[in-house]
Amino acid sequence: MNTHLLRGNAAAIAVVCVLAIPLIVHSTAKAASPSPSDRVSVLFKKMRTVCAGRFLLDVPESATVIFGRADTPYQTYRLEGDGNNADKIIDEYLKALEKERYRVSNELLEPESLLGKVIDGPVPGQRILFDLSAAAGDEYHIKSFTRVGNDLFLQSANVFADRAYYSKHLSQINEAAARLRPRDNNSVPTESGFCIDGALVHDAEHYLVERVQLGVRLAEFPDVHFSLEMVRKSRKIESDALEPRLREAERDAIQMGMGAWYAKIKTLRRGERILKPWSGYEVLAHLPPQKHEGESHHFNFVALGEPKNAYIPTIDMDLNTGVKNNRPGAVTPSVTDDEAVYIWDRLTNSLRVRPVTTPAK
């Protein structure tokens, strides 16, 4: 069972994606795209294509690609190689549940409670556990384990103990489990759907949230971390936009007495950017050192996309340098400003919609 590693990867990407925006606020004129150095351009001589969500991204052949959180729409984890281990893994959760029973309350104490029950799902190889929510003692945490190829996929949700409520979510989880198909991360599927780690998720008949996170680590420059997150949302959330957050962060930085440090920020590029199919905003900055953090680069592109449109989701892309143990500025950046911008442009410009040529089976 590899859940610790998978959750670690997701956490790593989350740290990269949620860096402090106040660090990127100083504005300068837009810089021209730099010419690459030999040591960086050689990375892009041999490329491979990876599928993330409904899109393709070209990365250096030597790069490591790490998938983070996926929503299908329920939060979904791949337990690689554990296709035959559902009962063993469920037993571990049941043992942990016994240690948490002191928290159980209200409906979950009633004789008809399903807490701790394990049932077969309608999908072949699917097992469902009614676990206890970590958030509340009167809620289930439904865990669905579905064999997909050689792997096991966990889809889960916290739900109220009311029968009508949890029955609705159970039906939706079963529907989501039925849409999982195995895939090799090193190949690009031709069927309709969206890619997550180790699986292609076939399209639903109606709107559902879709989320995928992806991280890219360069073997030759291990302190350079690139990440992206794409989410299909039901509505546009204007507060997620980058530019207003930058303006607010600028005011906060000055009020906090960081004006001198702020004035030293070197902005390599800042402004609106069209990255089809998105129209968004980007900031590329070289940050000076602080008391407990060395210098680093932080690049960010955010576009709000179109509500419910799977092919124009909300997107948030980051590149950070000087990263060690998921902490930017922990080591001296291994790339120059021009090299960092070149890497950023090569990665972000390669993102494109995956063509679909085969009907879903």
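Thr358 is partly exposed, with a relative accessibility of 27%. This value comes from a predicted model. Thr358 sits in the segment after β18 (352-353).

- Strand β7 spans residues 139-148 and is mostly covered. Nine of its 10 residues are buried.
- β7 pairs with strand β6 (residues 126-132). The sense is antiparallel, and the pairing runs over seven bridges.
- Within this pairing, Lys143 in β7 stands opposite Leu129.
- β6 and β7 make a hairpin, with six residues between them.
- β7 also pairs with strand β8 (residues 151-160). This pairing is antiparallel too, over 10 bridges.
- Here Tyr140 stands opposite Val159 in β8.
- The hairpin of β7 and β8 has two residues between the strands. In this hairpin, Gly149 takes a positive phi near 65 degrees.

**Negative patch**

- Glu107, Glu110, Glu112 and Asp162 gather on the surface as a patch of negative charge.
- Glu112 belongs to the loop between α3 (86-98) and β5 (118-120).
- Glu112 has a relative accessible area of 60%. It counts as exposed because that value is over 50%.

**Nonpolar patch**

- Tyr311, Val353 and Val356 form a nonpolar patch on the surface. Together they have about 210 Å² of accessible area.
- Tyr311 lies in the loop between β16 (296-303) and β17 (314-320).
- At 31% relative accessibility, Tyr311 is partly exposed.

**Thr358 and its class**

- Why does Thr358 count as partly exposed? Its relative accessibility is 27%. Buried means under 20% and exposed means over 50%, so Thr358 falls in between.

How values were computed
Residues numbered from 1 in each chain as written. Predicted model: local features only at pLDDT ≥ 70, side-chain atom pairs only at ≥ 80, totals over all residues. Heavy atoms only, no water. Patch = residues over 30% accessible without salt bridge, like charges linked within 9 Å, V, L, I, M, F, W, Y side chains within 5 Å. Areas by Shrake-Rupley, 256 points an atom, 1.4 Å probe, with all protein chains shown as cover. Salt bridge = Lys/Arg side-chain N within 4 Å of Asp/Glu carboxyl O. Lys, Arg positive; Asp, Glu negative; His and termini not counted. Charge placed at Lys NZ, Arg CZ, Asp CG, Glu CD. Helix = DSSP H or I, 4+ residues; strand = E, 2+ residues; numbered from the N terminus. Buried < 20%, exposed > 50% of the residue type's maximum accessible area, 1.4 Å probe, protein only. Pairing = 2+ DSSP bridges.
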